[in-house]
Amino acid sequence: MRVLIYLLALLMVSPVAAEKVDFTLEDLDGNPVSLSDFRGKWVIVNYWATWCPPCLEEIPDLVGLYEDNRDTIVVLGVDDEEVNREYLQEFVESHMMSYPVMQMDPRPMTELGPVLGLPTTYIISPEGERMARQEGPVTREALEKYIARKQQQGAGLAGAQQAPAASVQ
């Protein structure tokens, strides 16, 4: 049992290798949305649920980040719970979530990597490379600082670095 707990803890703090990733999920209108649709922009993929208090605390920051940076950053909310689409649409509208929201069946491993707790956020470079993973809440400030730092280092540009990336903070 100790070994399993150790391995799970190791997964939670491990850096994420910069590699190209993609997935396709349906938005709340039933239209397919692919990660690759947003090449050329930084993509914040936020796995969340309506019952998750830290997830709800992130929403205003994620909306502000998306609204103020639409030319360079997109936020994708991936609802990771079993709720009906009508309930989720009402929830998204009542919380004024202007960024695209998709729904998936809960599972611990996604195309981007593990989602062992909520919220979990992945940062994808404009080239479609997975750059970082954060379990737990993120802030707009932390996301903006991370992206600015990576841009200064040359990530997010053609021929970006291939080194592993750490968490957002």
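The chain has four helices and seven strands. Both kinds of element are DSSP runs, numbered from the N terminus: helices are H or I runs of at least four residues, and strands are E runs of at least two. Read along the sequence, they follow the pattern α-β-β-β-α-β-α-β-β-β-α. This is a predicted model, in which local features need pLDDT of at least 70 and side-chain atom pairs count only at pLDDT 80 or more, while totals for chains, interfaces and linings use all residues. Residues are numbered from 1 along each chain as its sequence is written, and side-chain values use heavy atoms, with hydrogens and water left out.

Five strands form an open sheet in the order 5-4-3-6-7, and the pairing is mixed. Two strands count as paired if DSSP finds at least two bridges between them. Strands 5 and 7 stand at the edges, each with a single partner strand, so one side of each has no neighbour in the sheet. From one strand to the next, the twist averages 20°. Such angles run from 0 to 180 degrees between N-to-C directions, with axes as lines fitted to C-alpha atoms, for helices over the stretch in contact. Strands of a sheet pair through backbone hydrogen bonds, either parallel or antiparallel.

Strand 6 and strand 7 are antiparallel, paired over five bridges. Within that pair, T121 stands opposite Q134 of strand 7. Two helices pack on the sheet. Helix 2 touches strand 3, strand 4 and strand 6, and its direction makes about 155° with that of strand 4. Helix 3 touches strand 3, strand 4 and strand 5, and its direction makes about 150° with that of strand 5. Touching, or contact, means heavy atoms within 4.5 Å.

Strand 4 and strand 5 run parallel and are joined by four bridges. D79 has Q103 in strand 5 as its bridge partner. From strand 5, V101 and Q103 point one way, M102 and M104 point the other way, and all are buried. Buried means under 20% relative accessible area, exposed means over 50%, and partly exposed lies in between (1.4 Å probe, protein chains only).

Next, the interior. Buried residues make up 48% of the 169 residues in the chain. In soluble globular proteins, nonpolar side chains tend to be buried together. The largest nonpolar core here has 45 residues, and L35, I44, V45, L76, Y99 and L112 touch the most other members. Strand 3 (42–48), helix 2 (53–68) and strand 4 (73–80) are among the elements that give two or more residues to this core. A nonpolar core is a set of buried Ala, Val, Leu, Ile, Met, Phe, Trp, Tyr and Cys residues joined through side-chain atoms within 4.5 Å. Take V45 as an example. Leaving out residues up to four places away in sequence, V45 touches F23, L35, L76, V78, L112, T120, T121, Y122 and I124. Across the chain, residues 24 or more positions apart account for 70% of the contacts with a separation of 6 or more.

One disulfide turns up in a search of the whole structure. It joins C52 and C55, whose sulfur atoms are 2.3 Å apart; the cut-off for a disulfide is a pair of cysteine sulfur atoms within 2.5 Å. The torsion about the S-S bond of C52 and C55 is about 75°, so the disulfide is right-handed. C52 is buried at 3% relative accessibility, and C55 is buried at 1%.

The loops hold some backbone details. Most residues other than glycine have a negative phi, and most peptide bonds are trans. M96 is not a glycine, yet its phi is positive, about 50°. This residue lies in the loop between helix 3 and strand 5. M96 counts as exposed, because its relative accessibility is 66%. The peptide bond from L118 to P119 is cis, with omega near -10°. P119 sits in the loop between strand 5 and strand 6.

G128 is found between strand 6 and strand 7. With a relative accessible area of 2%, G128 is buried. G128 and E19 are 109 residues apart in sequence but 7.7 Å apart in space, C-alpha to C-alpha. Not counting residues up to four places away in sequence, G128 touches E19, K20, V21 and R39.
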